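Dear colleague,

I am passing on the structure that we discussed, and below it I have set out what was found in it. Please read the notes with the coordinates open beside them.

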Amino acid sequence: MIALAMVLSVTCLVATGALLLVGLLLVGRDGPTGPSLQYAAVAGIAEVSASAMYLVWVNVGGAPTFAAASTLMVLGPAMIPIAFRALGPTTVNRACVLVSATGVAAVAVASLLLPVDAAVLVRVWAFAVVGACGAVAAARSSEGNRRSIRAIAAALGVFALYYAARGVTLIVMGPGGAARTVILSEAGAIVVGVVSVFVITGATSTFWLAVRRETLLAAAQTSAELVVVPDRRAGDTRRLPRFHELVRDVREAATTIDDGAVAVFGGAGLSRSGAAPSLKDILRSDHGWTEDEIALLRQTVVGR
């Protein structure tokens, strides 16, 4: 069991790192999906911390340690309805947030006051309720028509059904009977948790990248002139060295000369035509661009 808990902890750590990589480096905190990034980070940190606290409880014991581990376990998936509410508040996701928060509070109180077996039963049903809330919040969100969001809703729905079945088994057969049912045992629950983390992490990253792409395309269509860095030199199949750094320089220079400049794929969109020469001067003086690098830039006037 300790080995499986460590596997879950490592999985959550990897998932959190992947989400932060996609969110911070590729998407950014200021875009339309930015508010959900902080909740994804909290969810990942909570699950990693829960696994660590669980291992401490196994070795040391103590009701406060057990309560902390159990509460953090449920807090992770409880962040999902909150993230969808940040993307677009609705009555449905507001209700899902309240129900999920109640579930987290119930687990905290039960883990402190009840025997371990009873507290585990409360936690199992809290997982079922929180998973169902996350599935509903995803399916009924403003982005619910996307495949990535439907994948999140489906994963959480299966997660909720699994824990409901596990909860019924614990009531009918007791902890010993549930342990003999491999699928519904603690080991089975950890495996389900690992699979759910991978699916939700992949779907969330796909969603963030899709929204980022749409945002950049929309920005390009509303600009007067585009100044971009090609990712490859003409006749060369290799990726341009320092491509991301060059793109970042172009965007910073664009905001220096044009308050209406926006980020587009590979560079910046300017709100007025004829500003490209000034942008190049900024790149030379402030960012140390060489003439060879300046020559790489492609300018396109957007017809509107």
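Predicted model: local features only at pLDDT ≥ 70, side-chain atom pairs only at ≥ 80, totals over all residues.

Helix H3 (63-87) packs with H4 at an angle of about 175°, their axes being 8 Å apart. Angles over 145 degrees count as roughly antiparallel, and H3 and H4 therefore run roughly antiparallel to each other. The residues of the contact of H3 with H4 divide into 16 nonpolar, five polar and two charged.

Helix H4 (residues 91-113) also meets helix H5 (residues 116-139), and here the axes come within 9 Å and cross at roughly 165°, which makes H4 roughly antiparallel to H5. The crossing of H4 and H5 is left-handed. On the H4 side the contact includes Val-92, Cys-96, Val-99, Gly-103 and Val-107, and among the residues that they meet on the H5 side are Ala-119, Val-122, Arg-123, Val-129 and Cys-133. By type, the residues of the contact of H4 with H5 divide into 14 nonpolar, four polar and one charged.

The nonpolar cores

Which residues of the largest nonpolar core touch the most other members? This core has 22 residues, and the ones in question are Met-73, Val-74, Val-124, Phe-127, Tyr-162 and Tyr-163. The elements that give two or more residues to this core are helix H2 (34-60), H3, H4, H5 and helix H6 (147-180), and H5 gives the most, with seven residues. If residues up to four places away in sequence are not counted, Val-124 touches Tyr-163, Arg-166, Gly-167 and Leu-170. A second, separate core of 20 residues includes Val-250, Ala-254, Ala-261 and Leu-270. As general background, nonpolar side chains in soluble globular proteins tend to be buried together.

Helix packing, H8 and H9

Helix H8 (residues 243-257) and helix H9 (residues 276-287) pack with their axes 9 Å apart, at an angle of about 115°, and the crossing of H8 and H9 is right-handed. From H8 the contact draws on Asp-249, Val-250, Glu-252, Ala-253, Ala-254, Thr-256 and Ile-257, and from H9 on Ser-278, Leu-279, Ile-282, Leu-283 and His-287. The residues of the contact of H8 with H9 divide into seven nonpolar, three polar and two charged. Val-250 and Ala-254 of H8 belong to this contact, and Val-250 and Ala-254 are also included in the second core.

Is Val-211 buried or exposed? Val-211, which lies in helix H7 (residues 186-221), has a relative accessible area of 7%, and because buried means under 20%, Val-211 is buried. Along the chain Val-211 and Glu-143 are 68 residues apart, while their C-alpha atoms are separated by 10.0 Å.

Leu-98 has its place in helix H4, and at 57% relative accessibility Leu-98 counts as exposed, since the cut-off for exposed is over 50%. The C-alpha atoms of Leu-98 and Ala-78 are separated by 9.8 Å, and these residues are 20 apart along the chain.

Ala-68 is placed in helix H3 and, at 26% relative accessibility, counts as partly exposed. Between Ala-68 and Ala-50 there are 7.2 Å in space, C-alpha to C-alpha, with the two being 18 residues apart in sequence.

With best regards

Note on methods
Residues numbered from 1 in each chain as written. Heavy atoms only, no water. Axes fitted to C-alpha atoms, helices over the stretch in contact; angles between N-to-C directions. Helix = DSSP H or I, 4+ residues; strand = E, 2+ residues; numbered from the N terminus. Parallel < 35°, antiparallel > 145°, perpendicular 65-115°, else oblique. Left-handed = near helix turned anticlockwise from the far one by under 90°. Contact = heavy atoms within 4.5 Å. Nonpolar A, V, L, I, M, F, W, Y, C, P; charged D, E, K, R; others polar. Buried < 20%, exposed > 50% of the residue type's maximum accessible area, 1.4 Å probe, protein only. Core = buried A, V, L, I, M, F, W, Y, C linked by side-chain atoms within 4.5 Å.
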